[in-house]
Amino acid sequence: MSIQWFPGHMHLTRQAIAERVKAIDVVIEMLDARLPGSSANPLMRQLTSGKPTLKILNKQDMADPERTALWLAHYNAQPETQAFSLDASVPAPARALIDACHRLAPHRGGMFKPMRVLICGIPNVGKSTLINTLKGRKAAKTGDEAGVTRTEARIVLADDFYLYDTPGMLWPRIIVPESGYNLAASGAVGKNAYDEEEVAYELLAKLKTDYPALMEARYQAGLSPEAWAQATDDALLDAIGRKRGALAAGGKVNIQKAAELVIADFRAVHIGRITLETPEQFARWLKAGQQADKERAERKKALREAGLIGPARGGARRPGKPRPPSR
């Protein structure tokens, strides 16, 4: 299953960011500390290229601290980039971001050259919470579902510091399958874009290998770490469903309900502090995804040249084929 979610308002957001970034001094990209690679929008790299960037790993209190340290080192090694981890609801670390912006753009400040900062990120990553913390009051709408913010807003943090909030945005085509599942598990993707059972199976496949002790502590299945790692995903979901009372008539496990419970436990940190990927893992996934995408493009090109499919959207039409009438 391929998870994709790019509703119409995200296309408008992309256009708005492309226009706004021309006059921006620093970009704050908020990432989910539980999936720092999968929550980094490749579109943002294109749209904000050349701008100093703060990478904020939000929800650090929900993530594995050892893996968070690996990701901070990864992003801090990139040019014109600083990385922080924080909980967006805590004031002191959040306000440190203002000083970090001034370090990245020391030429900006004062009434005649106010600091202009764009804050962006995937849906449900915590941008609005951070803005409200920085402002000291509710300046942005928050929610636990993707797509709460729908329009750009300017927030004045000081007379010479403007923060531009943008709606959460994914990208038109997710070429890394693992990223799609991780985004869905985190709540960054609309519910209509994925199947809970598929996402739960993928989540279990990671957790049983990387966090077997946490899984045993939560679900009390009586399994050793080795047994957790070797158990099939089907068997584990069935066992979890029985433990948590997700039963249908006749005592059979309601797999749909069991899947929803596993996802909810992950999101609520009931299993523990978990990070679904390391920099090395994500690099492998990305390389494989890019290779598969390249092969897909080559297959489509061959079919197009053979006349078996139509031209690429926006491309030239084959000779002799009349253009369809406008509607």
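I take buried to mean under 20% relative accessible area. The model I am reading is predicted.

**Entry 1. Helix H5**

I looked up how much of helix H5, residues 127-135, is covered. By that cut-off seven of its nine residues are buried, so I note H5 as mostly covered. The buried ones are Lys-127, Ser-128, Leu-130, Ile-131, Asn-132, Thr-133 and Leu-134.

Which elements do the buried residues of H5 pack against? I find strand S1 (26-32), helix H4 (91-104), strand S4 (115-121), strand S5 (153-158) and strand S6 (161-165). I also checked the residue just after H5: Gly-136 has a positive phi of about 85 degrees.

Strand S6 contains Asp-165. Is Asp-165 buried or exposed? Its relative accessible area is 2%, and the cut-off is under 20%, so I record Asp-165 as buried. I then looked for a partner for its side chain. The side chains of Asp-165 and Lys-127 make a polar contact of 3.4 Å. Lys-127 is one of the buried residues of H5.

**Entry 2. Strands S2 and S3**

I followed the chain through S2, helix H3 (residues 65-76) and S3, which form a right-handed β-α-β unit. Strand S2 covers residues 53-58 and strand S3 covers residues 81-86; they pair in the parallel sense, over six bridges. Within this pairing I located Leu-57, which stands opposite Ser-85 in S3.

**Entry 3. The largest pocket**

I looked up the largest pocket and noted a volume of about 620 Å³. Its lining has 34 residues, and those closest to the pocket centre are Glu-29, Ala-40, Pro-42, Arg-45 and Lys-55. Which elements give two or more residues to the lining? They are S1, helix H2 (42-47), S2, H3 and helix H12 (279-305).

**Entry 4. Ile-3**

I went to the segment before helix H1 (8-20), where Ile-3 is found. Its relative accessible area is 4%; the limit is under 20%, so Ile-3 is buried.

What is Ile-3 in contact with, leaving aside its neighbours within four places in sequence? I list Ile-174, Gly-180, Tyr-181, Ala-184, Val-189, Ala-193, Tyr-194 and Val-199. For one of these, Ala-193, I looked up the C-alpha separation from Ile-3 as well. The two C-alpha atoms are separated by 6.3 Å, while the residues are 190 apart along the chain.

Notes:
Residues are numbered from 1 along each chain as its sequence is written. This is a predicted model: local features need pLDDT of at least 70, side-chain atom pairs count only at pLDDT 80 or more; totals for chains, interfaces and linings use all residues. Side-chain values use heavy atoms; hydrogens and water are left out. Two strands pair if DSSP finds at least two bridges between them. Helices (H or I, at least four residues) and strands (E, at least two) are DSSP runs, numbered from the N terminus. A crossover is right-handed if, with the strands pointing away from the viewer, the path from the first strand over the helix to the second runs clockwise. Buried means under 20% relative accessible area, exposed over 50%, partly exposed in between (1.4 Å probe, protein chains only). Contact means heavy atoms within 4.5 Å. A polar contact is a pair of N or O atoms within 3.5 Å; within protein, one must be able to donate a hydrogen and the other to accept it, and residues adjacent in sequence count only if both atoms are side-chain atoms. On a 1 Å grid over the protein atoms alone, a cavity is a set of points where a 1.4 Å probe fits but cannot get out, and a pocket is an open set with protein on both sides within 12 Å along at least five of seven lines; lining residues have an atom within 4 Å of a point. Grid points are joined across faces, edges and corners, and a volume is the space filled by probe spheres set on the points.
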